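Here are my notes for going through this one together. Keep the structure open beside you and look up each residue as we get to it.

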Amino acid sequence: MCGIVGYIGESQAAPILLEGLAKLEYRGYDSAGIAVYDGSQINMMKSVGRLKVLNELTHDGETLPGTLGIGHTRWATHGSPNDVNAHPHYNSDNTIAVVHNGIIENYMKLRKRLTAHGYTFISETDTEVVAHLLDYYYKGNPIETIIKVMHRVEGSYALGIIFKDHPDEVYAVRKDSPLIVGHTKDGNILASDVPAVLKYTRNVYFIENEEIVRLSKTDMKFYNVDEEELEKEATTIEWDVSAAEKGGYEHYMLKEMYEQPKAVRDTISPADPRIVNNKIEISELNMTDEEICSIHKLYIVACGSAYHAGVTGKYVIEGLARIPVEVDLASEFRYRDPIYEKNSMAIIISQSGETADSLAALRDAKAHGIKVLGIVNVVGSSIAREADSVMYTWAGPEIAVATTKAYSAQLIALYLLAMKFAYTRQQIDDNELQTLIKDLRKLPEQMELLLNNKEKIQHFANRYIASRDVFFIGRGIDYAISLEGSLKLKEISYIHSEAYAAGELKHGTISLIEEGTLVAAVLTQEQLYKKTISNMVEVKSRGAFVLAVTNTGNTEVEKAADYVIYIPQTNKYFANSLAIIPLQLFGYYVSLGKGCDIDKPRNLAKSVTVE
């Protein structure tokens, strides 16, 4: 889970590398480094800590002249964050430099073998093995060398490589870790994600698994493992450069929260509208009505917030379309040896479209003959390319590690699917569909209303900056909302937080409630109000301070809550889209009050491309 950048052209490389790394710092920020060829040797500068340290050390790149180089921002997997373990890594005589995103699973075996051949290792990383392995096989032909290394290493990788003997070329290769390349006005650039190249190009080439690319100042060529040259087509990225900037907000996360209404509108009505003549049209599904009616089961597989969206999706799809749904954490899905039923379909949800566990689940499902739908935000990502069909969430670039707008867009995609399936399978009629569409279209305006009343949340959050433990409770969809609300708080504020199905409190968890413990109760499902209120009374009688998030009009909750936040009325299946807004704001303002690094919380990275 690291960011890599490479450049070759007429301009000075170091400033471009540093600028690109700044756009990728959400992918890793334990340390950073760049290597630049100056015409006679490969010079390298590395530093532990945030990228700004490296900027200061290199005077924004001025101290490393040269028009060819590679850079890296690291999220540590092997070896603690320090200057030695930071990338790039050299071979023994500093004639080869490499940056790496991924994990080399057999690095210990390779390290022992290389040590026996006289190689000395100075770092604790798996990546240094690659540098020495490149050296071991190098006989003057970089492509041949890289292919030999590919045959020896196991695991995932995106590599950027420069050879002193080839001063007019940069090489890159990938397996299960993202990599893109593109032309600039005066050269060529490579990166592990789109934001790093948006300033220079909108047309990019997505490198497929086990493909190699050779970049020169004026050209790029692609090869497979048989050294055969490949023809590739560019993909146009529609994102605005400004969409990846803060735009005057203090943090990307706050900006992205305020972009949620737009993300919802764009996901409902992208360039190919999904509501046509008051009917749900999802052309990306590539499924006939007969195929939809034949579905016996759905498997929703995802990680983190996308998994929480999937939990909501289970309630909505089962409730509306009456299709059985299993929801799995992608990291567990394959290992439980799932029983795939005939006429089932897998839905893989991922913001980046590169999440390693989710990608592995996709491949497992396809290997068993299961049709796969990807719900992703990044056009041309691995999941988008490998799924049988893809439904994009048009949220635009999301930079903050803690997702907000991508999560909201994922919910919309799942609502649309549920409505499409329900109507096609005759589980809802025209009148019910029109009511759902009307409520769906109102969501962006209702979200804006909640966002514009943030002061009430901010005032409340300031009272709980010193909290040690916070519990979120709810039933049904409210439990799914609680899962995401709890994650938002813990990942950016570092406060211990847990979400529980409210009915499970008495089965052990209530023993953790003590005087002053904050319990956030979510009540949006009218048929479950009374039961959840009973759970609120249980925790309050044991000293808890109870925050309630509920629908306008549910004043009964005030008898059991100490503080109430009301959300506008909507269809019960869409409640997550509104109730999550105050919980996101609560997590944000608690973190702001504590002085946390909100956009880049410790130990986390945006795109989890390793298992």
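Predicted model: local features only at pLDDT ≥ 70, side-chain atom pairs only at ≥ 80, totals over all residues.

1. Let's start with a definition: a disulfide, as counted here, is a pair of cysteine sulfur atoms within 2.5 Å. How many disulfides does the rule give? The count comes to zero. Cys 293 has a relative accessible area of 40%, and Cys 303 has 23%. Buried would need a value under 20% and exposed one over 50%, so Cys 293 counts as partly exposed, and Cys 303 is partly exposed too.

2. Next, a pair of helices. Find H3, residues 107-116, and H4, residues 127-137: they pack with their axes 10 Å apart, at an angle of about 45 degrees. How are H3 and H4 oriented to each other? They are oblique. If you want the handedness as well, the crossing of H3 and H4 is left-handed. On the H3 side the contact is made by Tyr 107, Leu 110, Arg 111, Arg 113 and Leu 114, and on the H4 side by Val 129, His 132, Leu 133, Tyr 136 and Tyr 137. Sort the residues of this contact by class and you get seven nonpolar, one polar and two charged.

3. Now try H13 and H14. Helix H13 covers residues 405-424, and its axis is 10 Å from that of H14, with an angle of about 170 degrees between them. An angle over 145 degrees counts as roughly antiparallel, so that is the label for H13 and H14. H13 brings Ser 408, Ile 412, Tyr 415, Leu 416, Met 419 and Tyr 423 to the contact, while H14 brings Asp 430, Leu 433, Leu 436, Ile 437, Leu 440, Leu 443 and Met 447. By class, the contact of H13 with H14 has 11 nonpolar residues, one polar and one charged.

4. Stay with Leu 440 for a moment. Leu 440 sits in helix H14, which runs over residues 430-451. Is Leu 440 buried or exposed? Its relative accessibility is 0%, so Leu 440 counts as buried. Setting aside neighbours within four places in sequence, Leu 440 is in contact with Ile 268, Ile 275, Ile 412, Tyr 415, Leu 416, Met 419 and Phe 574. For a sense of distance, Cys 596 is 156 residues from Leu 440 in sequence and 35 Å from it in space, C-alpha to C-alpha.

5. Loops can have buried residues too, so here are two to look up. Thr 58 lies in the loop between helix H2 (51-57) and strand E4 (68-74). With 0% relative accessibility, Thr 58 is buried. Beyond the neighbours within four places in sequence, Thr 58 touches Leu 18, Met 45, Thr 63 and Leu 64. Ser 381 is in the loop between strand E21 (371-376) and helix H12 (382-386), and at 1% relative accessibility Ser 381 counts as buried.

6. Arg 468 has a relative accessible area of 59%, so it is exposed. Which residues does Arg 468 contact, leaving aside neighbours within four places in sequence? They are Ile 495, His 496 and Glu 514.

7. Last, some backbone checks. Most residues other than glycine have a negative phi, and most peptide bonds are trans. Arg 322, although not a glycine, has a positive phi of about 60 degrees. You'll find Arg 322 in the loop between helix H9 (304-321) and strand E19 (325-329), and at 54% relative accessibility it counts as exposed. Asp 337 also has a positive phi, near 50 degrees. Asp 337 is in the loop between helix H10 (330-333) and strand E20 (344-350), and its 59% relative accessibility makes it exposed. Finally, the peptide bond from His 87 to Pro 88 is cis, with omega near 0 degrees. Pro 88 is in the loop between E4 and strand E5 (89-90).

Technical notes
Residues numbered from 1 in each chain as written. Heavy atoms only, no water. Axes fitted to C-alpha atoms, helices over the stretch in contact; angles between N-to-C directions. Helix = DSSP H or I, 4+ residues; strand = E, 2+ residues; numbered from the N terminus. Parallel < 35°, antiparallel > 145°, perpendicular 65-115°, else oblique. Left-handed = near helix turned anticlockwise from the far one by under 90°. Contact = heavy atoms within 4.5 Å. Nonpolar A, V, L, I, M, F, W, Y, C, P; charged D, E, K, R; others polar. Buried < 20%, exposed > 50% of the residue type's maximum accessible area, 1.4 Å probe, protein only.
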